[in-house]
Amino acid sequence: MTAAPPIVRAGLRGAALASGLRDLLGSEKVLWAREDLLLYEYDGAVDIATPDAVVLPNETADVAKLARFCAEHAVPLVPRGAGTGLSGGAIPVEGGVVISFARMSRILELDVANLRAVVQPGLVNLHLSTAAAPHGLYFVPDPSSQKACTLGGNVAENSGGPHTLAYGVTTNHVTGLELVLSDGSIVRLGGKALEYDGYDLVGTFVGSEGTLGIITEITVKLTPLPEDKRTLMAAFPTMDDASNTVSAIIGAGIVPSAMEMMDQLSTQAVEASVGAGYPLDAGGILLVEVDGVRDGLDDLLERIEVICRAAHAQELRVATTALERDKLWAGRKGAFAAMGRLASDYYVQDGVIPRTKLPQVLRHVIDVGERYGLRIANVFHAGDGNLHPLIMFDGSKGPAEVERVKEAGREILEMCIQVGGSITGEHGVGMEKTCYMPLQYSPVDMAVMHRVKDAFDPLGLANPGKIFPTPGRCKEFSLNAAR
Amino acid sequence: MIRRRGFPNADAPLPELISRCVHCGLCLPTCPTFAELGVEMDSPRGRIRLMKNVWDGRLDADSAAFADHMAKCLDCRACETACPSGVSFGKLMEAARSQVLAARRPNLAEALLRRAAFRGLITSPARLALFARFGYLSKRLGARTILRAIGMKRLAELLDLVPEKAPTSAALPARFAAIGTKRGTVALFTGCVMRAAFADTNAATARVLARNGIEVLVPATQTCCGALHAHAGERGGARELAKRNISGLEPLAVDAFIVNAAGCGANLKEYGWLLKDDQEWAERGERFSARVKDASEYLAAVGLAERPGPVRATAAYDDPCHLIHGQKISAQPRALLAAIPELRLVPLAEADWCCGSAGTYNVTQPELAARLGHRKAQHIVRSGAEMVVTANPGCQMQIEAALRREGARVPVVHLMDLLDRAYASR
Ligand SMILES: Cc1cc2nc3c(=O)[nH]c(=O)nc-3n(C[C@H](O)[C@H](O)[C@H](O)COP(=O)(O)OP(=O)(O)OC[C@H]3O[C@@H](n4cnc5c(N)ncnc54)[C@H](O)[C@@H]3O)c2cc1C
Ligand code: SF4
Ligand code: SF4
């Protein structure tokens, strides 16, 4: 674990802040004891920092009150959903208040006729689909963390998932937002309609990682559940074969609803935990799912099977029951955490590359692993070319080891940019990848982004230290080093 | 204040178990205390972090905060089922509680109460039977109202748990002969709470097994399994009981030790771990644990020799935590229920959630226990079931009490009692 050096700002902090917040909101909505604060210093990634206080709002009015208070006293506001984030987005790197949405987790409205739901940001992703299922509907974006991550986190990160290949990521499924800006004003953007006049500010806000303001209500699209699905597990002798298959399937004009890839290290970890039934001797496996109207699904599946065989598939298995399908997916969805069986810590990368470059980049990943003497597992959204190399390490070896791991990660991201890709597909920049931003954007690009931030958050209190590189922490990159 | 780093003794939660947790958070929504309280300290990930913080010298093992969040845990192990990383949460929690006990000097009243409970009551079937009878009687006599009136709310709430039916503690015969072709021989573990208040259920279990060609021995050489001790962190007491059971039961030439209380079963299956620091006993414990089977697990594995008679009812099955999460048994009880003709099984929302019983949780955390009981009762009422089936005496008592408080007249029956009744109706 590494604690980033905080950039100390003037403003109310510590005990004085906590007592001010208790007076403002009542003590049952505030945490201030040190032993409690220590439990809000982590998320699903590797960076840590301790907040000065944690606030647990019950409603939008609490958030607005809090924001006004913090604006007056120059206190950073760091929204937090479930803390499953993989880029340190919810880490209070500059101290201040963490706002946990654990108690704002209700579905406010299921508008079945209009295919919309209005929810609070702390709602767990899967709980929405579970509630919509009796109406034959679901919420499409299905991050592998969907059992736990919140809609607020999904919107802030513009999360994707296995099934966003065909149906689009979070931004394609959000039509309205209620926000509290860092000055305490409550703003409504969009609504239930698909399009609104003027700027698409909802689109701007999705993926902003809490740096533009705080989401307090979300209106999302619900989608009719497909009539049927077919899920195929294809095992290949090598990752190259599996990668070529991905390109061949898309090249044949087929867009599966999901297409996920795992290497041998991943399947072995998963088998030890979930027992999904993946063959352990395969160099790589693909999970391919097609869905839609029942007629024609089997034909489509057969075409995919033919392509797999031509690419040397050693085993093809089609899930015949819902239980079998769930098992195949449980393996994929539990894959990151299953790495806990192989190493005490992992650092996950999120680079995106053009699909056709998969074999080349994966070979580079193997090479990096060998050079650094680090084990790297690959489990990722192959259809989107969204890589997730998981670099395993032992955090108890200290900060030097973490630095080495991050260095290895950087080599992988540099390759992603070299082949025309980007440094993050869905996990966000957070505090972890801020220093890589200039690798991808010119100073002018960055300045434009900063102007957008200033327009929403002139005080700079909305999740500071995220997305934009800060001079203190990014020594090796000057802003001019880009491109 | 002098800061002591780490934990007081060797029963501490092991760092290699803690480091299995990759703080992914996937377990959070399955945790009943996180759902109710919404704070990280009362989530599985948070509790593991608290243990880590003690190791790292950032929190004292004898601090009130550490004790409080460990005590609020139900030890339901739902997080263990949810965790893809294979964190053995139950082992961590029991270890952490033992350290709370070792690190804190409990006040005198607490100490006396614990002693009375763990030394006297639980390990002595006779005394426990007496307590159960007293509870039943005093309830009949309206003692609850009186206790409430004089402000002894906690005792009153405890009495709420005393089951509706009159407790029976008639001794079981030492042997039930197999009926029809003999297919196996087992020893029945009768348990402490079970034996005292639920002797009927033990007899029912034996009859159901016998009906299916299984000879059932009821050995006198057994004692309390020590589950309540282990959950409360009383490792020493738990180990003593484990050794007595191992010595008493291991010589028997039986195919399995059958348990019908999920809490006991989960604990009996972990004797190897409990005794891990003593090589000889650890091995004997492992071997013993491998022979322990829940009644439903065993029956589903050998298959029913005879079809039960019909039960005309709509039932919901509620998974005891220590069966579904502790022993990963959830399909077998449902399969047995499905074998009963005319019994209609309806789905129960959050069937895999803790009802709030959780060993001594009712006593230590009455408010949270009541909230969870209420949540369970509401789901049961909404399910439309005319009867709830479960497989653990603690759950049975808690759910009955919760339903009663809700004013719902839905009986709660043990799976083995229901099967017994079904066979009797043939
Ligand atoms: C095992 C595992 C698998 C994962 N798989 C995927 C995957 O397949 N696809 C994917 O995209 N991600 C994945 N993730 C990453 C993570 O789950 C997502 O980024 C998720 O959307 C984060 O949600 P959260 O509620 O945990 O947010 P947090 O981690 O708490 O916060 C994430 C960010 O959102 C901000 N935020 C949270 N709530 C609000 C709010 N109300 N208003 C404003 N900002 C807010 C925070 O400030 C922070 O910047 C995975 C993570 C894990 C641990
Ligand atoms: S699911 Fe497992 S690894 Fe993840 S936070 Fe919970 S206990 Fe830790
Ligand atoms: S055992 Fe139950 S109550 Fe305790 S942390 Fe795990 S899920 Fe929560």
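1. Is the crossing of α18(B) and α20(B) left-handed or right-handed? The crossing of α18(B) and α20(B) is left-handed; a crossing is called left-handed if the near helix is turned anticlockwise from the far one by less than a right angle, and right-handed if clockwise.

2. Conventions. This is a predicted model, in which local features need pLDDT of at least 70 and side-chain atom pairs count only at pLDDT 80 or more, while totals for chains, interfaces and linings use all residues. Residues are numbered from 1 along each chain as its sequence is written, chains are lettered from A and ligands numbered from 1 in the order in which they are written, and side-chain values use heavy atoms, with hydrogens and water left out.

3. Helices α18 and α20 of chain B. Helix α18 (residues 295-302) of chain B packs against helix α20 (residues 331-338) of chain B at an angle of about 65 degrees, with the axes 8 Å apart. Axes are lines fitted to C-alpha atoms, for helices over the stretch in contact, and angles run from 0 to 180 degrees between N-to-C directions. Helices (H or I, at least four residues) and strands (E, at least two) are DSSP runs, numbered from the N terminus. On the α18(B) side the contact is made by B:Ser296, B:Glu297, B:Leu299 and B:Ala300, and on the α20(B) side by B:Gln332, B:Pro333 and B:Leu336; contact means heavy atoms within 4.5 Å. By class, the residues of this contact of α18(B) with α20(B) are 4 nonpolar, 2 polar and 1 charged. Ala, Val, Leu, Ile, Met, Phe, Trp, Tyr, Cys and Pro count as nonpolar, Asp, Glu, Lys and Arg as charged, and the others, Gly among them, as polar.

4. B:Ala305 sits in the loop between α18 and β6 (313-317) of chain B. B:Ala305 lies 9.0 Å from B:Thr181, C-alpha to C-alpha, although 124 residues apart from it in sequence. With its neighbours within four places in sequence left aside, B:Ala305 is in contact with B:Arg183 and B:Asn212.

5. Helices α1 and α3 of chain A. Helix α1 (residues 14-25) of chain A and helix α3 (residues 60-73) of chain A pack at about 140 degrees, their axes 11 Å apart. α1(A) is therefore oblique to α3(A): angles under 35 degrees count as roughly parallel, over 145 as roughly antiparallel, 65 to 115 as roughly perpendicular and the rest as oblique. The crossing of α1(A) and α3(A) is right-handed. α1(A) contributes A:Leu17, A:Gly20, A:Leu21, A:Leu24 and A:Leu25 to the contact, and α3(A) contributes A:Asp62, A:Lys65, A:Leu66 and A:Phe69. The contact of α1(A) with α3(A) has 6 nonpolar, 1 polar and 2 charged residues.

6. Helices α13 and α14 of chain A. The axes of helix α13 (residues 358-372) of chain A and helix α14 (residues 399-418) of chain A cross at roughly 160 degrees and come within 10 Å, so α13(A) is roughly antiparallel to α14(A). The crossing of α13(A) past α14(A) is right-handed. Among the residues that meet are A:His364 and A:Arg371 in α13(A) and A:Arg404 and A:Glu407 in α14(A). The contact of α13(A) with α14(A) comprises 7 nonpolar, 2 polar and 4 charged residues.

7. Ligand shells in chain B. The residues around ligand 3 include B:Cys31, B:Cys73, B:Cys76 and B:Cys79, where a residue is near a molecule or strand if one of its heavy atoms lies within 4 Å of it. Two or more residues of the ligand 3 shell come from each of α3 (44-55) and α5 (78-82) of chain B. The shell around ligand 3 has 9 nonpolar, no polar and 3 charged residues. Ligand 2 is surrounded by residues including B:Cys21, B:Cys24, B:Cys27 and B:Cys83, and its shell divides into 8 nonpolar, 3 polar and 1 charged.

8. Domains. Domain bounds come from an automatic or database domain assignment. Chain A is divided into domain 1 (2-100), domain 2 (107-224), domain 3 (228-338) and domain 4 (343-482). The centres of domain 1 and domain 2 of chain A, taken over C-alpha atoms, are separated by 23 Å.
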